[in-house]
Amino acid sequence: MSAILEIDSLRKSYKDGFEALKGVSVTIDAGEIVALLGPNGAGKTTLISTVCGITRASSGRVTVCGHDIVRDYRQARALIGLVPQEINLEPFEKVINTVRFSRGLFGKPRNDAVIEEILRKLSLWDKRDSQIRALSGGMKRRVLIAKALSHEPRLLFLDEPTAGVDVELRRDMWRIVADLKAAGVTIVLTTHYIEEAEAIADRVGVITKGELLLIEDKDSLMTRMGRKELDVQLTAPLDAIPERLAGYGLTLGDDGRTLTYAYDTRGPRTGITKLLSDVSACGLVLRDVVTRQSSLEDVFVGLVRKDEEDAA
């Protein structure tokens with residue numbers, strides 16, 4: 001795939017010395033969905049704002065389809081759609097007029113067919129003559145997306161697109177994002193919701209304290225950094241882990257009936273066979289054995305914790 005967005009050593013610092021971005025570099029290919037995960041203040045919104053020309057970088061370079069965002073600002077910005085966190089819409093304006101106006105801001109000629117197609121895809125066509133103030137919060141977010149798509153961008157930024165919406169609306173938004181990808185739009189979204197990244201992203205980036213810790217294919221990230229856990233469920237409770245099992249790093253559940261064993265999926269041997277043999281040798285009777293894969297949330301928390309420990 002060809003690169004649609006290239007960010008090279010991007011830095012943003014302020015007069016008081018605070019560094020919001022610390023040399024961020026990343027390349028995003030056309031047609032993919034990239035999710036940026038990070039806590040509040042990590043630099044996610046600053047990164048998007050800089051790419052979109054809202055904030056000026058202190059140093060570094062950004063290109064969109066080869067257009068430098070500073071030197072070729074108009075050409076670069078015309079390729080970008082931005083859906084901000086805040087819902088800032090004219091409450092008394094009609095939906096269709098709001099979207100048409102956004103298209104005109106980019107110098108695009110009026111095209112009712114394009115506007116209708118966008119509104120229909122976002123289930124807004126029936127609301128086209130409604131005033132913004134009459135819409136629900138979820139519908140207002142759809143209007144924000146419609147505005148961002150009105151000038152037919154190739155790259156769409158979604159800054160916390162599902163913040164404050166309920167689970168049903170969030171999943172509905174995920175379907176919208178999948179449809180946009182199918183239509184050829186490249187999407188970069190920031191999110192606090194780990195399950196959002198797991199559900200829709202092709203690649204996941206972890207950003208904290210202005211640094212991009214990694215950006216990697218979601219599945220390979222889980223394989224590389226994930227671990228599995230084995231729950232050995234017993235028929236009778238234990239007061240303590242037998243001495244013979246001490247070397248396995250087991251944890252004993254609160255009920256005394258579950259021994260949990262963590263192992264690395266990348267290792268040549270898991271050690272499970274020997275563990276179960278030793279459990280039997282201790283005279284313990286198994287009721288069940290259950291394995292589970294660590295989630296992206298586990299990986300994310302581990303990365304952020306490691307970064308904080310390294311900085312300490």
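**Loop between E9 and E10.** I began at Lys209, which lies in the loop between E9 and E10. Helices (H or I, at least four residues) and strands (E, at least two) are DSSP runs, numbered from the N terminus. The phi of Lys209 is positive, about 50 degrees, although Lys209 is not a glycine. How exposed is Lys209? At 41% relative accessibility, it counts as partly exposed. For the record, buried means under 20% relative accessible area, exposed over 50%, and partly exposed in between, with a 1.4 Å probe and protein chains only.

**Ground rules.** I am looking at a predicted model, where local features need pLDDT of at least 70, side-chain atom pairs count only at pLDDT 80 or more, and totals for chains, interfaces and linings use all residues. Residues are numbered from 1 along each chain as its sequence is written, and side-chain values use heavy atoms, with hydrogens and water left out.

**Ser9.** I then turned to Ser9, in strand E1 (residues 3–13). Ser9 is not a glycine, yet its phi is positive, near 50 degrees. Ser9 counts as partly exposed because its relative accessibility is 36%.

**The sheet.** In what order do the six strands of the open sheet run? I read E6-E7-E8-E3-E9-E10, with mixed pairing. Two strands pair if DSSP finds at least two bridges between them. Strand E6 (80–83) and strand E10 (211–217) are the edges; each has a single partner strand, so one side of each lacks a neighbour in the sheet. From one strand to the next, the twist averages 15 degrees. I also checked strand E3 (residues 33–37) against strand E9 (residues 203–208): they pair in the parallel sense over four bridges. Ala35 has Val204 as its bridge partner in E9.

**Helices on the sheet.** H5 packs on the sheet and touches E6 and strand E7 (155–159), its direction making about 165 degrees with that of E6. Helix H6 (residues 167–182) packs there too, touching E3, E7 and strand E8 (186–191), at about 155 degrees to the direction of E8. Contact means heavy atoms within 4.5 Å. Axes are lines fitted to C-alpha atoms, for helices over the stretch in contact, and angles run from 0 to 180 degrees between N-to-C directions.

**H3 and its partners.** Helix H3 (residues 95–105) packs with helix H4 (residues 112–121) at about 120 degrees, their axes 11 Å apart. That makes H3 oblique to H4. The axes of H3 and H5 come within 7 Å and cross at roughly 30 degrees, so this pair is roughly parallel. Under 35 degrees counts as roughly parallel, over 145 as roughly antiparallel, 65 to 115 as roughly perpendicular and the rest as oblique. On the H3–H5 contact, I noted Val95, Thr98, Val99 and Ser102 of H3, with Val143, Ala146 and Lys147 of H5.

**Cores.** A nonpolar core here is a set of buried Ala, Val, Leu, Ile, Met, Phe, Trp, Tyr and Cys residues joined through side-chain atoms within 4.5 Å. Which members of the largest core, with its 46 residues, touch the most others? I found Leu119, Ile145, Leu156, Leu158, Leu180 and Ile187. Helix H5 (residues 137–149) gives the most to this core, seven residues.
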